[in-house]
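Please open the structure in a viewer and keep the selection tool at hand.

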Amino acid sequence: KKPKVLVARKTFPDIVERLRPHFEVETNDSEDGWPQAELIRRLQGKAGVYIAGGEKIDQILLDACPALKVISTMAVGYNNIDVPACTARGVLVTNAPDVLTETTADFGFALMMAAARRIAESEHFLRRGEWKQWSVTMFAGSDVHGATLGILGMGRIGQAIAKRGALGFGMQVIYHNRSRLPAEQEAPLNARWVEKEELLRQADHLVLVLPYSPAVHHIIGARELALMKPTATLTNIARGGIVDDAALAQALAAGTIAAAGLDVYEGEPALNPALLTVPNIVLTPHIASASIPTRRAMSGLAVDNLIAALTGGKPPTPLNPEVLGRS
Ligand code: GLV
Ligand code: GLV
């Protein structure tokens, strides 16, 4: 008898089809995620689940779903999953790294450029019918080429953004990360490790690409924003909660920094209403990895992980591979 799996997120039908030879498959055909109680109900008797970044996998869910052996997320971030609790119960967790790196870096760069050159702000002005005359300083922003690019979190995506800045735009790259890159990786990126405070003070454009954990909650708040240049921009493509959104809205209104680009929010899909009242911000709905080829690749990798993990194969990207050896 085939094991049962649940696809808790609507995704590409042809990719879901790849599960059917191996499993009895139940799918979520609505665009909405299920509330946890509904997810728990549907997970009864399921050996595996396909999720994205929104489903909360905690001890309550794990205890209520003893048949569950594999959790496969199509996201690279996994702060919605209590991985240690999964490991303790012998539940394998897999994510979808690498396949989204370049696409996400493209978007981070685009958001940063849009903030620096005031693209969203000026478009709103134009749509409101307010363009009556041209002026020399109208929506004059700051340059990206030749500027200092600051990166907080120098993982794969951070490095891909650094590469764009250094090679394409002649930027100086400074970064802060728990671990320094080896010198031979820093050199081609024109990148230099600095303390967090120096990063804040020196960056013309600061991009956040670090994974969320409680330790980095509000790591960018009023104090940090006050250290930044008044001409600087801040871009967050990492996770909501890393930035104190209320403090950011205040800093933008006060001119503490020049502009911001946000793809992620505390409590999304709700957002702090103050963010909507400041003009010098570009807001997008958590779409940094959303190109069709990349969303297909992420989905495909999640399916590959699920199939391998439940059919005795080697899952390509496990987060807690120590579980694999156990029976
Ligand atoms: C998106 O935010 C992801 O983690 O893949
Ligand atoms: C991930 O989030 C990365 O930088 O690889």
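**First stop: a loop residue**

Select Arg118, which is found in the loop between helix 5 and helix 6 (119-127). Helices (H or I, at least four residues) and strands (E, at least two) are DSSP runs, numbered from the N terminus. The phi of Arg118 is near 60°, a positive value in a residue other than glycine. Arg118 is buried, with 22 other C-beta atoms within 10 Å. Here a residue is called buried if 20 or more other C-beta atoms lie within 10 Å of its own, exposed if 12 or fewer, and partly exposed in between, with C-beta atoms placed from the backbone.

This is a predicted model, in which local features need pLDDT of at least 70 and side-chain atom pairs count only at pLDDT 80 or more, while totals for chains, interfaces and linings use all residues. Residues are numbered from 1 along each chain as its sequence is written, and chains are lettered from A and ligands numbered from 1 in the order in which they are written.

**The two domains**

Colour domain 1 (4-99 + 292-323) and domain 2 (101-283) separately. These bounds come from an automatic or database domain assignment. The C-alpha centres of domain 1 and domain 2 lie 32 Å apart. Five residues of domain 1 are in contact with seven residues of domain 2, where contact requires C-beta atoms, placed from the backbone, within 7 Å.

Over residues 109-288 the chain is 35% helix and 16% strand, with the end C-alpha atoms 10 Å apart.

Next, display the open sheet of five strands, which has the order 2-1-3-4-5 with parallel pairing. Two strands pair if DSSP finds at least two bridges between them. The edge strands, strand 2 (24-27) and strand 5 (92-94), each pair on one side only. Neighbouring strands of this sheet are turned by 15° against each other on average, direction ignored. Axes are lines fitted to C-alpha atoms, for helices over the stretch in contact, and angles run from 0 to 180 degrees between N-to-C directions.

Helix 13 packs on this sheet, touching strand 1 (4-7), strand 3, strand 4 and strand 5, and its direction makes about 165° with that of strand 4.

Zoom in on strand 3 (residues 48-51) and strand 4, which pair in the parallel sense over four bridges. Tyr50 has Ser72 as its bridge partner in strand 4, and Val49 has Ile71. Are the faces of strand 4 (residues 70-73) covered or uncovered? Both are covered: Val70 and Ser72 on one side, and Ile71 and Thr73 on the other, are all buried.

Now select Leu310, which lies in helix 13 (residues 292-310). Leu310 is buried, with 22 other C-beta atoms within 10 Å. Leaving aside residues up to four places away in sequence, Leu310 touches Pro3, Ala47, Gly48, Lys69 and Val70.

Move on to the open sheet formed by seven strands in the order 8-7-6-9-10-11-12, where the pairing is parallel. Strand 8 (191-193) and strand 12 (281-283) stand at the edges with a single partner strand each, so one side of each has no neighbour in the sheet. The bridge partner of Ala260 in strand 12 is Ile281.

Select helix 7 (residues 156-169). Its buried residues include Ile157, Ile161 and Ala162. The buried residues of helix 7 pack against helix 5 (101-116), strand 6 (148-152), strand 7 (172-176), strand 8 and strand 9 (205-208). Just after helix 7, Gly170 takes a positive phi of about 60°.

**Last stops: two further loops**

Select Pro269, found in the loop between strand 11 and helix 12 (273-277). A cis peptide bond joins Glu268 and Pro269, with omega about 10°.

Finish at His286, in the loop between strand 12 and helix 13. The phi of His286 is near 50°, a positive value in a residue other than glycine. His286 is partly exposed, with 17 other C-beta atoms within 10 Å.

Conventions:
Expected span 1.5 Å × (residues − 1). Contact = placed C-beta atoms within 7 Å.
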